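Hi,

Here is the structure I said I would pass on to you. Have a look at it first, and then read my notes below.

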Amino acid sequence: MERDDGNANTAADVRMQQQQQRSSIPSTLFIIFMLFMFTNHSGDEFLARNHYQDALQSMNYQLSNFTAWMNGETSNFTMPDRQPAITPLAQSFMNFGARLNPLHASYFPNTTGFIRGDLDFYNITPSSLDPTSFSWKPYAQSYMSDTNMTELVGNLGSWNWSAVDKLSWSVIDRAPINADDVSERIAMIHGRIDLTGPTGTGDMKLEFEGVHFLPNGSVYGFAEPDGRHVDIRYLPAIVPESAQNETAHTIKPELLSRINKVKEMVDAGIIDQESSGGSDIQNGCGFLVYAQIEPSKISGDVMHDLEDELQKPTGKWMADRPPLRMNGVLMSRECGLLYRLHDAEGLRSQSFFRKVTSYASISAIFYLILLALLCRQIDRTHSPAGLSRVSLWTFLTQAIVDAVAFAGHITFAILANGRPSMSLVAPAFLACILFALEAQHAILIKQVQAPEDAVSSPTRPPQSPAQGGTTPTADIPQPQLPLPTTAPTRSTGPSFVRLVIRHLLSDPQARIWLGTFFFFTFIIRVIVSPSLTLFFVASMYSMFWLPQIIRSVKRGRSSALSTEYLVGTSICRLYFVLYFLTCPKNVLDVEPRRWAYYLCAFFLLQVVVVLLQQQLGPAFFLPKRFATTQIYNYHPPLPSSASDPESPDQPLGDCSICMEPIHADDPKQLQQVASGLLQKVGGRKNYSLAPCHHLFHTDCLEKWLAIKNICPQCRRPLPPL
């Protein structure tokens, strides 16, 4: 016995040591992973700081050379020669502005905002121009003379330039700098140009730097791809010759201002790793940009008052602001490309911020209505009887949509980075609350419907020891195992992947966390991918009420969704679809989609079907052979107590809910004629026999199923009564 105890203790110690060794492995891996995440920055901050210092040194060098060139001293900077064909080529597609009478018309003094327009593509390479007969063909041939075609093909890359048809221009127009020898009629302007083609081609992003001549509304500048620096010192070479000196004197304080800004960022330790790191050059196509603002039919004083009210709102009544319209030309000698910009319309930043605030306010109202409707619906269907009549996927789909809406509004607020950010928090917060309530309600529906949907299997009696004809007895001596003289060899356990899979299969919490991770990953992918967002919207909105229709047909019961909730939720949900997919001037500038109307029609059709199911029956639209559903019969025929003459009043049994006897008056069935119809009235429905063969009063069972849908005796799931 002592030897057996020693063997048992030794085996137990070995198992305990193995368990301790196994449990330490995941902890060690977790600690290593966390240390890696906290310490691994790949030197980004260090590289960004060095990049800023190198940029500061380069900017100081550029400023010194440019200053020496302006003073006529020896310098490494040389202004490129002016090409005479550029101006007539640009004038072939646009007209440069002239000075206006300020009493009758004026130009916009500030173009800060977002400009969007259409583009027409022209191939101005010599081989493409030869068979054409354009009036501007000689200017284009002169402009493209002495172009290296081999380098041109390499600069074009693989991007489809001919498919570009839209331009998005984010502009920041800085006020003229108050300094000596600096003209007040020239303002520096910079921003980003996005060239957009059909769906699937992507966008080409260009950095823009230029000058804005306030008296005639003309814009001159360079646009270079990401990763290539725009040298603003060359701007005097593309402006009119009469304004070359004024432009050069405007550029000098701009360079000095940028140098001081970089110095302050380095001294304060503000390192923007994303912007400082740069990006790979996607192509080598740089553009000359010429644009002309169309004059407005308001006086200069009124335009000045409108600008002051826009910058510093006081609530003063003002005249209607005219639209900002612009035409222009983008030409690239390096790639033989020319785009004509037309029908471009701008939206000032302050106007855009007000537009965003208005959208956020209206969206918050709709989300409040959705929240109120959801709370009222939850109150109506809080019982198991009500929860069993609604579809899990209806609320789960809405929860997913609201989760995407929450993440989208938060992302929009971060990108707005201004006063409208706080207004966008309101709909994001309400969408988050909706997501939490809908997800919680979906979980509750799952808990109630899981026993109903589960297939109950009879429990097997425990196996007796004497099975198969062999019964071990205590009299048979057990063989003694020899003790190992050496430590047992440690067998190689399962791989790490198998351990992870086994852990996921055995631990429901791990599956929940993994599902949450994939869920939020999907949400992020939906937000950053426009094409995936459209597919997500179409699929989710087509599945709002469809699962409810299918469940009602399968269960043979109409839904527990109120008409108020169906109609109100549908209207509020369709507002967002119609706004973003049919309104051409939405805050995200999403192009209208014609299929959005078909989506809304299908969405409303589902609402009509759900309402008709409540009036005409769950399967009113199906043929009769498909409309029959298998429903459990709680009132099967039972042996009549009246068949026993000695005890005619003997009950069928006692109800385990109210503890009262159950009587079935089978021999006393009556038949009465009412309105020409034969109706049977008897005592069969006084009892209800559950699938587990437990007997109850029908009234008692109905009250019980309103609380729980399991048998009060054996706790097995019960179908609806």
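This is a predicted model: local features need pLDDT of at least 70, side-chain atom pairs count only at pLDDT 80 or more; totals for chains, interfaces and linings use all residues.

Let's start with the packing. The largest nonpolar core has 59 residues, and the ones touching the most other members are Tyr359, Tyr367, Phe395, Tyr541 and Trp545. The top contributor is α10, with eleven residues.

Leaving aside residues up to four places away in sequence, Phe395 is in contact with Leu374, Gln377, Val390, Glu438, His441, Ala442, Ile445, Leu561 and Tyr565. There is also a second, separate core, made of 45 residues, with Phe66, Met94, Leu288 and Met331 among them.

Now the cysteines. The count comes to one disulfide, and it joins Cys285 to Cys335, with the sulfurs 1.9 Å apart. The torsion about that S-S bond is about -100°, so the disulfide is left-handed. Its two ends sit 50 residues apart in distant parts of the chain: Cys285 is in the loop between α8 (273–277) and β6 (287–293), while Cys335 is in the loop between β7 (324–332) and β8 (337–348). Both Cys285 and Cys335 are buried.

Cys655 is buried, at a relative accessible area of 0%. Cys583, by contrast, has 25% relative accessibility and so counts as partly exposed.

Last stop, helix α21 (residues 698–705). Which of its residues are buried? Thr698, Cys700, Leu701 and Leu705 are. These four span an arc of only 160° around the axis, so they lie on the same side of α21. On the face turned away from that buried side you will find Asp699 and Lys703, both exposed. As for what covers the buried residues of α21, the list includes α11 (384–387), β13 (687–689) and β14 (695–697).

Cheers

Methods: Residues are numbered from 1 along each chain as its sequence is written. Side-chain values use heavy atoms; hydrogens and water are left out. A nonpolar core is a set of buried Ala, Val, Leu, Ile, Met, Phe, Trp, Tyr and Cys residues joined through side-chain atoms within 4.5 Å. Buried means under 20% relative accessible area, exposed over 50%, partly exposed in between (1.4 Å probe, protein chains only). Contact means heavy atoms within 4.5 Å. A disulfide is a pair of cysteine sulfur atoms within 2.5 Å. The arc is that of the directions from the helix axis to the C-beta atoms.
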